[in-house]
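Hi,

Here is the structure I promised to pass on.

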Amino acid sequence: QLQLVESGGGLVQPGGSLRLSCVASEFSLAYYGIGWFRQAPGKEREGVSAISSRSGTTDYADSVKGRFTISRDNAKNTVYLQMNSLKPEDTAVYYCAAEDDTGLDGLEYTSFPSDGGYDYWGQGTQVTVSS
């Protein structure tokens, strides 16, 4: 069973920072595009950021550009989401997910910001931004 485990969530004041981690068991994250998604109460799940498997191309939702940074450490089989200048509207459960982003032609494709192509999901970690 391919599993992803998120950690690093918590309660932080507005303007603060958190770093989320996504660790895989039973498979190497290096072969997968990884996305971070979030879902706030009463809202639909939305794509936050993604990083591709081979080129390391990154993408961000407009709402987090300039504040969040996604990165990967294949040696540690971990993908990170560094979140700075957090706002109350960033409060949500954050999920990491993995997709096979290599097409039959060998090129990279991603479904981000849609979550439709992501086959493997973690259980989520709560991020609460409040004073």
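Of the 131 residues in the protein, 43% come out as buried, meaning under 20% relative accessible area with a 1.4 Å probe, protein chains only. Bear in mind that this is a predicted model, where local features need pLDDT of at least 70, side-chain atom pairs count only at pLDDT 80 or more, and totals for chains, interfaces and linings use all residues. Numbering starts from 1 along each chain as its sequence is written, and side-chain values use heavy atoms, without hydrogens and water.

On the fold: there are 11 strands and 0 helices, going by DSSP runs numbered from the N terminus (strands E, at least two residues; helices H or I, at least four). The C-alpha atoms fill a box of roughly 50 × 25 × 25 Å along the principal axes.

Now the inside. The largest nonpolar core has 29 residues, and Leu4, Trp36, Phe68, Val79, Leu81, Met83 and Tyr94 touch the most other members. By core I mean buried Ala, Val, Leu, Ile, Met, Phe, Trp, Tyr and Cys residues joined through side-chain atoms within 4.5 Å. Elements giving this core two or more residues include strand 4 (33-39), strand 8 (78-83) and strand 9 (92-99). Apart from it lies another core, of 5 residues, among them Phe37, Ala50, Phe112 and Tyr118.

Tyr94 is worth a click: leaving aside neighbours within four places in sequence, its contacts (heavy atoms within 4.5 Å) include Trp36, Phe37, Phe68, Leu81 and Met83. Residues 24 or more positions apart make up 62% of the protein's contacts with a separation of 6 or more.

Cheers

Methods
Buried < 20%, exposed > 50% of the residue type's maximum accessible area, 1.4 Å probe, protein only.
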